[in-house]
Amino acid sequence: MPPMSLSPPPKRVRVVLAERKRARRVVRTLAEVEEQTDVGEMLVRTHMRTQLGMSLLLALIVVAVLGALPLAFAYVPKLAEISVLGVRLPWLLLGFAVYPFMLGVGWVYVRLAERNEQSFIKLVEE
Amino acid sequence: MQANLYALVAVAVVALITAVIGGFGIRFARTTSDVLVAARTVNPRWNAAAISGEYLSAASFLGIAGLVLKEGADALWYPVGFTAGFLALLLFVAAPLRRSGAYSLPDFAELRLGSAEVRRVATGLVVVIGWFYLVPQLQAAGLTLSVLTGWANWIGACLIALIVITNVVFGGMRSITFMQAFQYWLKLTALAVPVFVLLLTQASQYTNARATAGAGAPPAFTENTTVRVDTDVVLQVTEPTQLTAVGGVDGAVDVDGTVYWGVGEHEVSEGTALTFPAKSAVPVVTGAPAHNDDWLRPLYGGAGDHPLFETYSLMLATFLGTMALPHVLVRFYTNSDGRAARISTLFVLGLLGVFYVFPTVSGLLARLYVPQLLVTGRTDAAVLLLPGAVLDSWPARLLGGLVVAGAFAAFLSTSSGLMVGVAGVLSTDVLHGRAKDFRLAALLAGLVPMAMAVTIPPIDIARAVGLAFAVAASSFCPLLVLGIWWRNLTDAGAVAGLIIGGGVSVAAVFGTLLGLAPGGWVGSVLGHPAAITVPLTFLTMVVVSKVTPKRVPSDVARVLARLHAPERLGLTPGPNPNRTGTVRRPADQDAVNRAGRHRR
């Protein structure tokens with residue numbers, strides 16, 4: 001029965017007053033962003049660049065730390081023989097320590113990304 | 001054989017619960033998008049548990065411990081990569097992808113590039129990646145049932161494939177968030193409880209074993225052990241060993257009695273039973289490190305000839321492949337907005353970090369208690385055999401049943417997610433997107449990998465899944481990253497990159513799976529293609545896009561604004577489908593088509 005796509009089902013709508021209000025107040029800049037005026041596009045471009053720069057920086061830190069490990073183990077084999085509390089260093093690092101490290105980087109990212117978005121919103125509202 | 005009874009009961013219970021919840025889910029679900037992606041807005045914590053529940057597959061539950069048992073420190077990069085993949089997803093993809101409103105990778109490709117051609121190529125790759133990922137899941141199911149019952153491997157593979165196909169055909173998307181979240185906690189419990197019990201009850205033995213199994217020694221049998229060899233193997237013997245053999249050893253066909261093995265390599269034929277005395281050194285299949293000393297070090301244990309290259313290539317594949325897995329992306333659609341997508345990814349990082357401690361420790365314990373797996377090379381069974389090898393009577397059976405339940409939860413959740421993903425794109429993009437087509441697509445999505453699982457000889461589960469990651473990283477990761485962050489991407493560039501990078505990596509994976517790869521550098525590259533194919537895809541996409549600047553979509557600025565502007569500005573569709581505009585069309589249309597049958 002193909003004609004079902006002709007009558008889309010009624011969709012539930014969540015009404016959020018605060019969001020609407022805010023949207024109305026910034027309607028001019030918003031229109032600029034949406035209608036691809038030069039100003040609007042520049043705002044988005046700058047915002048994207050900030051976000052990407054931050055992501056790349058954090059990714060670089062992670063890659064530098066994790067990426068250094070195989071090289072270190074390959075060229076300084078003594079490192080693999082160090083024992084901490086009865087556990088060999090490679091096992092301690094790769095088996096346990098990297099997880100809180102990655103979680104920490106993720107946490108920093110979420111905070112910074114949200115801060116960037118706040119300032120983008122402010123910029124659009126002005 | 002009582003242990004088997006407990007385990008089989010556990011299997012039946014897990015399968016039944018999944019089927020029942022899948023079946024009831026349909027009655028509760030009211031709108032089409034409820035059916036396909038559970039409720040659209042889900043608390044980030046629940047969603048994180050659900051993402052982890054669907055993501056932790058047989059590779060995580062069985063494969064990692066098995067690889068740790070066999071290869072030692074090098075295997076630790078698998079769980080690290082499986083987790084780091086979510087960090088890359090968080091940094092580059094999570095929020096913009098959610099804001100795009102795309103439900104699948106072909107949806108994203110089409111709404112960003114506005115090209116039906118890209119959509120078709122993307123569809124093909126989703127299917128291939130899904131199948132590559134499904135095959136080891138089904139093979140793991142075969143292995144598990146064969147360990148429990150002694151049945152041939154293909155029986156379990158077919159059984160689990162048929163269960164999942166039936167579920168998908170009759171249940172729509174059974175993955176109610178609650179069910180998936182429950183699967184995470186079940187898997188965590190099923191691995192963690194045995195580890196804690198073993199560590200606590202065996203603490204004294206553990207220190208003894210460590211002292212005797214000094215670092216320089218090979219692993220040793222704890223008691224008289226009989227090992228049945230299922231496929232021909234070559235074993236490395238590091239200490240002269242006296243054993244009893246029944247079957248074919250070192251070219252002699254009808255051996256029955258005491259055999260004396262000198263240091264060196266020894267061949268054992270299929271069907272042979274070897275009995276080793278207690279405390280004798282365990283011979284290890286060729287390719288794996290034979291001494292505990294090498295096993296403890298990174299870069300000494302891997303099966304390949306170029307461990308450093310292989311380690312980096314694996315890192316690249318797993319770090320970048322996660323964001324491009326079909327069943328992971330679907331889950332992001334259930335986040336309420338971009339911010340929630342970020343937060344749930346952050347929770348996923350935490351949940352995975354907690355989980356992955358346990359496969360590692362299980363692998364370590366397995367080296368002490370079930371070293372006989374090193375003789376057959378089927379180390380993926382380590383987690384399943386561990387409780388029975390250490391404990392006696394009811395605790396062993398209870399924990400054994402728990403582990404098996406966890407393993408089946410892993411097979412079922414991941415396989416269902418993948419099959420729904422593959423069937424979804426097949427029915428909308430290849431067939432006509434009608435209700436009947438979804439069922440046909442589900443059959444196709446399940447039967448093909450089932451045939452592959454039966455015919456392709458199994459390799460280590462974690463390794464096989466790593467190959468699927470390599471294909472994902474070499475195709476969709478560049479499409480997502482460039483599509484989200486680079487204005488100048490064109491449809492021609494995307495298609496060229498997907499075909500070249502995806503094609504080369506798929507060829508490499510097939511070569512490896514079919515055992516065509518030679519040794520040396522070629523074998524290393526084919527077995528770990530990501531280090532070559534990921535840069536190749538990025539390069540192709542960038543170069544071809546630069547050459548075809550006129551094909552940059554005219555609405556690129558608007559689409560990128562939607563991807564990157566926070567929902568508060570009202571640019572993005574967000575949870576309110578009335579504000580979607582044109583961008584959401586393809587995704588919602590798919591949902592309507594795919595689930596149309598529920599509104600007869």
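1. Two strands are said to pair if DSSP finds at least two bridges between them. Strands (E, at least two residues) and helices (H or I, at least four) are themselves DSSP runs, numbered from the N terminus. In this predicted model, strand 3 (residues 241–249) of chain B pairs with strand 4 (residues 252–261) of chain B in the antiparallel sense, over eight bridges. Within this pairing, B:Thr244 has B:Thr258 in strand 4 as its bridge partner.

2. The hairpin of strand 3 and strand 4 of chain B has two residues between the strands, and B:Asp250 takes a positive phi near 50° there. Strand 3 of chain B also pairs with strand 6 (residues 273–276) of chain B, again in the antiparallel sense. This second pairing runs over three bridges, and in strand 6 the bridge partner of B:Val246 is B:Ala273. In a regular strand the side chains alternate between the two faces of the sheet.

3. Helix 13 (residues 307–321) of chain B has 15 residues, which should span 21 Å at 1.5 Å a residue. The expected span is 1.5 Å times one less than the number of residues. The end C-alpha atoms of helix 13 are 20 Å apart, which agrees.

4. Is helix 13 of chain B mostly covered or uncovered? Helix 13 is mostly covered, with 12 of its 15 residues buried. A residue is buried if 20 or more other C-beta atoms lie within 10 Å of its own, exposed if 12 or fewer do, and partly exposed in between; the C-beta atoms are placed from the backbone. The buried residues of helix 13 include B:Pro307, B:Leu314, B:Phe319 and B:Gly321.

5. Chain A has four helices and two strands, and its elements run α-α-α-β-β-α from the N terminus on. Of the 126 residues in chain A, 25% are buried. Two residues are in contact if their C-beta atoms, placed from the backbone, lie within 7 Å. Among contacts in chain A between residues at least 6 apart in sequence, 59% join residues at least 24 apart.

6. On confidence, pLDDT is the predictor's confidence in each residue, from 0 to 100. Chain B has a mean pLDDT of 81, and 85% of its residues reach 70 or more. Over residues 27–39 of chain B the pLDDT stays under 50, and the model has 28 contacts beyond four places in sequence for them. Where pLDDT is low, the predicted coordinates should not be read in detail. For the complex, the predictor gives an ipTM of 0.85 and a pTM of 0.85.

7. Residues are numbered from 1 along each chain as its sequence is written, while chains are lettered from A and ligands numbered from 1 in the order in which they are written. Because the model is predicted, local features need pLDDT of at least 70 and side-chain atom pairs count only at pLDDT 80 or more, whereas totals for chains, interfaces and linings use all residues.
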